[in-house]
Amino acid sequence: HEVPLRHPGISWTHCELRLQAAGAGESNGAADEAAGGGSSSSRRRMVIRDVSSNGTALWTSATGSVLLAKGTDTVVPDGALVILPIKVKPKDSGDSVPLRMCFEVRLGGEAPASPEPPSIPGDVEAL
């Protein structure tokens with residue numbers, strides 16, 4: 001499935017979210033540990049891969065914002081925020097489009113109570 005996101009800094013194909021068997025593919029240290037990367041190989045997990053020119057970050061309460069390595073699968077824990085794009089051009093004073101956007105990944109359970117998009121974490125500017 002494709003999820004179209006409209007933003008001037010987001011690539012046509014910016015990142016890929018996939019389910020894979022736990023233990024398969026590559027990992028990304030801190031983000032993998034925060035997601036319980038050592039779990040049973042019979043379980044499935046969500047992974048993200050940045051395929052963009054402008055970068056993608058993953059925020060979790062355990063790691064804060066982490067820039068994803070391009071072309072590498074990274075485990076996405078429940079409740080993580082995907083932030084894109086990371087490389088941004090300075091904003092024109094009259095432009096009402098935010099520099100970045102993010103969305104929350106929920107794995108099972110109930111949908112969030114509010115349909116409002118989450119706020120961009122403050123530590124993303126340091127990436």
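Start by selecting Thr56, which counts as buried because its relative accessibility is 0% (buried means under 20% relative accessible area, with a 1.4 Å probe and protein chains only). This is a predicted model, where local features need pLDDT of at least 70, side-chain atom pairs count only at pLDDT 80 or more, and totals for chains, interfaces and linings use all residues. Residues are numbered from 1 along each chain as its sequence is written, and side-chain values use heavy atoms, leaving out hydrogens and water.

Thr56 sits in the loop between E2 and strand E3 (57-60); strands are DSSP runs of at least two residues, numbered from the N terminus. Now show side chains: Thr56 makes a polar contact with the side chain of Asp50 at 3.0 Å (N or O atoms within 3.5 Å, one able to donate a hydrogen and the other to accept it; residues adjacent in sequence count only if both atoms are side-chain atoms). Leaving aside residues up to four places away in sequence, Thr56 also touches others, including His14, Ile48 and Val82 (heavy atoms within 4.5 Å).

Next, select the largest nonpolar core: 10 residues, among them Ile10, Ile48, Val82 and Leu84 (buried Ala, Val, Leu, Ile, Met, Phe, Trp, Tyr and Cys joined through side-chain atoms within 4.5 Å). Strands E2 (44-50) and E6 (81-84) each give two or more residues to this core.

Last stop: the open sheet, ordered E4-E3-E6-E7 with antiparallel pairing (at least two DSSP bridges per pair). E4 (64-67) and E7 (101-104) stand at the edges with a single partner strand each, so one side of each lacks a neighbour in the sheet. Finally, find Leu84, opposite Met101 in E7.

Key. Buried < 20%, exposed > 50% of the residue type's maximum accessible area, 1.4 Å probe, protein only. Helix = DSSP H or I, 4+ residues; strand = E, 2+ residues; numbered from the N terminus.
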